[in-house]
Number of protein chains: 2
Amino acid sequence: MKVVSTRNSEIRRGPEEWFTGVVWMDAASAGSSPDAGIFRVFFEPGARTNWHTHPEGQILYVVTGEGLAQKEGEQVVEIGPGDVVYFAPAERH
Amino acid sequence: MKVVSTRNSEIRRGPEEWFTGVVWMDAASAGSSPDAGIFRVFFEPGARTNWHTHPEGQILYVVTGEGLAQKEGEQVVEIGPGDVVYFAPAERH
């Protein structure tokens with residue numbers, strides 16, 4: 001068992017290669033077994049990720065706020081608190 | 001991309017084999033690629049999981065409230081909003 005507390009975690013600006021607009025995120029991956037990294041990411045209004053993929057896929061859980069998600073070439077979907085978004089490995093979004 | 005909205009999800013009582021006390025959880029696994037199930041679980045005061053393990057491990061993200069986590073035989077740890085708890089595969093907790 002490993003507990004990663006927000007009390008010890010540093011927040012930094014999301015890198016420009018990854019995001020357009022202002023984004024704040026946990027500085028360190030909490031990666032452990034099971035082998036997955038968990039990050040809290042805060043988007044200021046209008047901020048978004050650039051198009052990207054993940055070799056292992058990604059799961060988003062919306063804690064608060066409202067936003068838009070899109071797989072490249074498909075419909076934009078509105079997302080809100082409690083919603084879960086799955087991106088398959090290598091799926092550009 | 002697959003979006004699982006809380007608006008469409010049914011909430012049911014957690015089964016007695018798994019929990020002591022009253023627990024509410026999402027009825028259906030949102031399992032998709034990447035191959036992981038995500039559940040929202042609400043513990044009424046005093047409710048807890050019974051001792052158990054997961055073949056693939058488990059990650060908890062505390063959205064709200066306060067609670068206690070423990071690996072069998074080790075120290076009890078207080079957890080709260082934003083905390084992430086990792087349980088390794090087969091780790092009894």
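1. Ala90(B) is exposed, since its relative accessible area is 57%; here exposed means over 50% relative accessible area, buried under 20%, and partly exposed in between (1.4 Å probe, protein chains only). This residue sits in the segment after strand E10 (84–87) of chain B. Ala90(B) has a positive phi of about 70° although it is not a glycine.

2. On the basis of the note: the model is predicted, local features need pLDDT of at least 70, side-chain atom pairs count only at pLDDT 80 or more, and totals for chains, interfaces and linings use all residues. Residues are numbered from 1 along each chain as its sequence is written, chains are lettered from A and ligands numbered from 1 in the order in which they are written, and side-chain values use heavy atoms, with hydrogens and water left out.

3. Ala90(A) has a positive phi of about 70°, although it is not a glycine. Its place is the segment after strand E10 (84–87) of chain A, and Ala90(A) is exposed, with a relative accessible area of 57%.

4. Chain A contains 10 strands and zero helices, so defined that helices (H or I, at least four residues) and strands (E, at least two) are DSSP runs, numbered from the N terminus. Along the sequence, the pattern of chain A is β-β-β-β-β-β-β-β-β-β.

5. Of the 93 residues of chain A, 27% count as buried. The accessible surface of this chain comes to about 5,900 Å², and 51% of that belongs to carbon and sulfur atoms. Such areas come from the Shrake-Rupley method with a 1.4 Å probe; for residues, only the protein chains shown count as cover.

6. Which residues does Asp83(A) touch, not counting those up to four places away in sequence? Within chain A they are Leu60(A), Tyr61(A), Val62(A) and Glu78(A), and from chain B they are Val4(B), Ser5(B), Thr6(B) and Arg7(B). A contact means heavy atoms within 4.5 Å. Asp83(A) lies in the loop between strand E9 (76–79) and E10 of chain A, and is buried, with a relative accessible area of 0%.

7. Glu16(A) is exposed, at a relative accessible area of 71%. This residue is found in the loop between strand E2 (11–13) and strand E3 (19–20) of chain A. The C-alpha atoms of Glu16(A) and Thr49(A) are separated by 9.3 Å, while the two residues are 33 apart along the chain.

8. How are the two chains related? A rotation of 180° with 0.0 Å of shift along its axis superposes chain B on chain A (RMSD 0.0 Å). The two copies are thus related as by a two-fold rotation axis. The superposition is by least squares on the C-alpha atoms of residues with pLDDT of at least 70 in both copies. 100% of the interface residues of chain B are also interface residues in chain A, so the copies meet through the same surface.
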